[in-house]
Amino acid sequence: MEKKLLDSLTAIVGKENVLTTQEDLYSYSYDATPGHAHMPDVVVMPANAEETGKILALANENRIPVYTRGSGTNLSAGCVPTKGGIVLLMTRLNKIIEIDLENLVAVAEPGVIVADLNKAVAAHGLIYPPDPGTVNTATLGGTIAENAGGLRGLKYGVSKHYVMGLDIVLASGDTMTTGGKNVKDVSGYDMTKLFTGAEGTLGVITKATVKLVPAPEAKKSMMAIFKDLDNAGKAVSGIIAAKIIPATLEIMDNATIRTVEDYAHVGLPLDAEAVLLIEVDGNPTVVEKEAAKVMEVLTANHADSVQIAKDDNERDKLWAARRAALPALAKLRPTTYVEDATVPRNQVPAFLRAVSQLAVKHQVTIGTFGHAGDGNMHPTIVCDIRDSKEMERVQKAMDEMFRTAIELGGTLSGEHGIGLGKLPWMQAQHGPVAMNAMKSIKRALDPNLILNPGKLIGEC
Amino acid sequence: MTEKITAQDIRSQDQALLKDIEDALANCMKCGNCMEVCPLYKEIGRENAVARGKLSLMEGVLKGVIPLSANFDTAMAKCVSCKACAAKCPCGVPADDLILRGRQAIVKARGLHPIKQKVFALLKNRPLFDFSLRMAGLFGPLSFKKLPGKMAAIARFPMPGMDKRRITAPFASTPLRSQHPETIKVDKPRLKVLFFTGCTINYIYTDIGNSVLNVLKANNIEVTLPSLQHCCGTPVYMSGDIDSARVLAKHNIDIFSETPCDYVVAACGSCAEAFKIEYPHLFADDALMTEKAKKLAAKTYEISEFLVDIAKFDRSKLGKVAATVTMHDPCHMARGIKVTKQPREILQAIPGVTFAEMKEPARCCGAGGSFSLANYELSRKINDRKVADIASTKADIVATSCGSCRMHITDGLIQNGMTQDSLHVIQLLDQSYQAGAK
Ligand SMILES: Cc1cc2nc3c(=O)[nH]c(=O)nc-3n(C[C@H](O)[C@H](O)[C@H](O)COP(=O)(O)OP(=O)(O)OC[C@H]3O[C@@H](n4cnc5c(N)ncnc54)[C@H](O)[C@@H]3O)c2cc1C
Ligand code: SF4
Ligand code: SF4
Ligand code: SF4
């Protein structure tokens with residue numbers, strides 16, 4: 001990068017917040033997505049919205065690409081600076097500005113770690129529900145930009161259901177505010193939702209107002225083992241049909257069960273086709289009633305065994321299997337793709353079956369676990385990216401997997417976002433007209449295409 | 001340190017080393033989970049401070065994209081080897097070990113830092129090492145200004161590589177092993193053990209060593225302090241100088257294997273870890289030494305572990321020690337040899353002790369062996385968090401199981417104007433036996 005530009009950046013944020021050594025640049029060339037790495041020209045760490053605005057104005061004037069970054073834990077190559085330019089690191093903006101107990105909202109900067117926000121509000125008996133597997137490391141800004149969800153998505157939804165207002169720096173460097181603390185707010189286009197899940201392609205979030213909800217007073221966990229996948233599927237529909245919305249309703253397929261058992265020895269039968277893990281939460285009496293009802297549904301659908309946790313200790317034991325799913329799979333091979341193709345929940349068994357068939361067909365290892373209640377599946381492909389033959393098979397399997405999800409009426413992503421990873425199938429899901437509409441929005445807000453160019457909707 | 005050495009250069013020097021690293025590095029899925037627990041990332045906030053960043057830099061070097069530069073060296077140095085990342089990692093990546101391999105690569109490619117070179121040359125020469133540290137003890141009153149009340153002094157003459165403001169303990173005027181006969185006899189001993197003192201206990205914290213001896217005596221156990229024992233080698237190993245580490249390890253393995261005993265005990269998590277875990281791994285190319293190291297490892301115990309699990313220490317003779325005690329678990333105890341229950345069992349067995357658990361007892365205190373020598377400011381920041389945790393327990397004593405942690409925590413307490421005392425678990429047990437004998 002030209003010295004003049006570097007000097008201008010240094011003037012904005014100070015010398016120690018501009019990183020240029022090869023080693024530093026290399027350290028920001030990747031995120032948690034395998035197979036996409038590219039060096040930026042510079043890493044800049046602003047302290048506040050004002051500095052962020054100045055950096056963007058400078059970048060816009062000089063047509064320099066800007067890649068906003070939180071903790072870099074995303075699984076869709078969202079942070080990778082594919083065209084060089086600036087990595088804009090937001091982690092210094094890490095203050096919780098306000099916890100407003102009368103309006104049940106929190107106002108915080110984007111660099112706050114989500115778990116830290118939760119710790120702060122827990123003291124008041126509240127939670128901020130989005131809880132991705134990376135809740136202890138991911139930033140608020142990153143989770144909002146990815147529209148992240150988590151284990152309790154079935155009952156509580158994803159990030160967009162909690163974001164009430166945002167401060168945004170546009171590509172021009174100008175600042176705007178969307179939404180606010182109003183519970184009802186139908187004034188104008190829903191700009192808050194537009195920027196939520198925009199994956200850093202439309203603007204940079206510098207402040208967020210988020211909704212808090214009362215922490216559930218009680219929880220009850222159950223685990224059911226099924227020899228037959230279809231019975232598990234029927235049990236899932238049965239629970240919902242009984243008008244119970246568990247906080248969590250997780251499924252693991254046979255490949256995952258075998259891997260988990262091999263690694264964590266939690267006592268799962270190797271021939272089971274599915275394990276369901278269910279947690280209901282809320283008011284203690286309601287929780288008892290719902291748990292009993294769920295047990296009924298499980299038995300009625302021929303669960304081969306059902307366990308219910310009597311206390312926290314037993315709850316932990318039941319959860320151990322689910323917690324081990326990703327680690328156990330990830331340990332099998334060097335490279336791990338955690339995908340999140342999502343289907344309507346009545347199609348979960350069909351999708352699981354299809355995935356295990358195409359794993360056999362293409363000779364790749366795929367274990368699928370995920371959120372059965374909301375249809376959000378995490379087919380996890382483990383392989384070795386250094387083996388090009390294997391990678392060709394992986395690509396074929398992935399292609400078929402996403403096309404299957406779309407054919408089943410599903411979507412490419414339930415919570416991880418599109419980035420670069422799932423770009424190839426966007427047209428297949430949305431069609432040319434919708435793609436064009438999205439590109440028009442991008443061009444209107446970022447005419448020089450400097451913000452995360454080439455991601456989410458591709459080149460414009 | 002500016003000239004660049006490329007991957008090609010090291011490749012020609014040590015193929016095997018690189019091949020190992022390449023496979024292990026590939027297992028990091030870059031999920032970033034290690035960010036949550038890395039004490040250095042918490043302070044520095046930059047990718048190359050966390051395990052993920054350091055591992056990827058090593059990948060970069062192996063791919064030939066970035067050079068083995070001074071910056072790479074600095075990044076590898078930013079690690080206290082607390083093992084928190086490895087314990088957290090879903091893929092089982094032993095990041096702490098791999099970072100040591102990164103340091104080894106640096107050592108191979110560009111030689112050791114000149115100050116370290118001198119220190120390690122001294123370390124390898126046992127008689128000279130012993131002589132120098134005894135001299136430090138004799139002239140201790142000259143080079144250290146005593147602070148009132150505590151086992152603490154402030155360095156008046158700068159030590160090589162040591163920060164002037166740092167509060168350390170003075171060197172003992174007589175090392176532990178010179179205060180006692182090589183074997184301390186008891187009537188009809190029920191067990192015979194060898195005590196590996198480690199340097200910190202032999203040359204500085206002789207009070208810990210004496211407590212260990214008292215406690216073993218109170219339990220009717222005969223102790224031998226092999227006079228030819230030498231530093232365990234952990235500090236050199238951590239700096240990437242694996243060849244020197246091997247020399248020290250071989251020396252200790254030979255000495256401790258040749259002296260008959262039932263068990264070997266150490267009163268420091270790192271020393272115990274060296275004997276129990278590192279030694280058997282150091283001699284991959286030497287079956288005979290590996291065998292010998294494994295045998296020794298099998299009978300080595302950390303002192304609390306030994307007293308609780310093996311010796312079943314005598315609880316009938318314990319007297320009252322009125323104190324509120326909290327416990328810091330050294331990294332190499334908690335995540336290295338995984339001993340955390342036994343020290344607590346000892347503390348809770350002492351009549352009069354109120355035990356108050358702190359928030360994150362196993363969070364690194366920031367000492368990290370020679371890390372705190374070279375990065376005092378950073379290690380102080382990590383330490384400040386520990387000190388705040390200690391303060392919130394309202395305890396009057398912090399117990400720990402490692403001399404370096406004791407020294408570092410004492411420093412942190414004093415720098416923060418606090419009055420708590422920091423002691424080894426065994427010192428409290430010793431006090432209790434003494435109170436019981438009255
Ligand atoms: C092991 C593992 C498990 C995971 N589990 C889940 C899960 O259960 N559910 C889930 O939803 N996700 C999950 N993820 C994905 C990931 O953790 C989430 O996408 C998370 O939201 C990313 O947060 P981050 O701070 O790391 O953001 P980053 O990865 O740094 O950035 C993500 C995207 O947000 C943009 N961005 C970051 N900050 C800003 C900002 N201030 N303004 C505008 N754009 C910004 C970036 O440009 C990028 O496109 C998982 C990831 C891993 C590795
Ligand atoms: S070292 Fe482990 S925890 Fe850290 S990024 Fe790599 S895989 Fe994740
Ligand atoms: S060993 Fe400790 S300091 Fe070193 S990288 Fe791991 S967590 Fe960080
Ligand atoms: S770990 Fe420390 S105290 Fe133990 S022997 Fe080695 S240097 Fe000496």
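Predicted model: local features only at pLDDT ≥ 70, side-chain atom pairs only at ≥ 80, totals over all residues.
Side-chain values use heavy atoms, with hydrogens and water left out, residues are numbered from 1 along each chain as its sequence is written, and chains are lettered from A and ligands numbered from 1 in the order in which they are written.

A nitrogen atom of ligand 1 lies 3.0 Å from an N or O atom in the side chain of Glu415(A). A backbone N or O atom of Ile205(A) is 2.8 Å from a nitrogen atom of ligand 1, and an oxygen atom of the ligand is 2.4 Å from a side-chain N or O atom of Thr134(A). Taken alone, ligand 1 exposes 970 Å², of which the protein buries 97% (accessible areas by the Shrake-Rupley method with a 1.4 Å probe).

## Ligand 1: surrounding shell

The shell around ligand 1 holds 35 residues (a residue is near if one of its heavy atoms lies within 4 Å). Among the closest are Thr68(A), Gly70(A) and Thr139(A). The site is shared between chains, because residues from chains A and B surround the ligand.

H5(A) gives the most to this shell, with 5 residues (helices are DSSP runs of H or I, at least four residues, and strands runs of E, at least two, numbered from the N terminus).

## Ligand 3

Of the 14 residues around ligand 3, the nearest are Cys38(B), Cys79(B), Cys82(B), Lys83(B) and Cys85(B). Helices H3 (39–44), H4 (51–63), H6 (84–88) and H7 (95–110) of chain B each supply at least two residues of the shell.

## Interface of chains A and B

The contact (heavy atoms within 4.5 Å) takes 32 residues from chain B and 30 residues from chain A. The two chains bury about 2,400 Å² between them, 53% of it on carbon and sulfur atoms (accessible area, 1.4 Å probe, lost on being put together, summed over both parts). In chain B, Met29(B), Arg46(B) and Glu47(B) lose the most area to chain A, together 23% of what that side buries.

Across the interface there are 2 salt bridges (a side-chain nitrogen of Lys or Arg within 4 Å of a carboxyl oxygen of Asp or Glu). Arg69(A) and Glu47(B) meet through their side chains in a salt bridge at 3.7 Å, N to O.

Methods
Polar contact = N/O pair within 3.5 Å; in protein donor to acceptor, adjacent residues only side chain to side chain.
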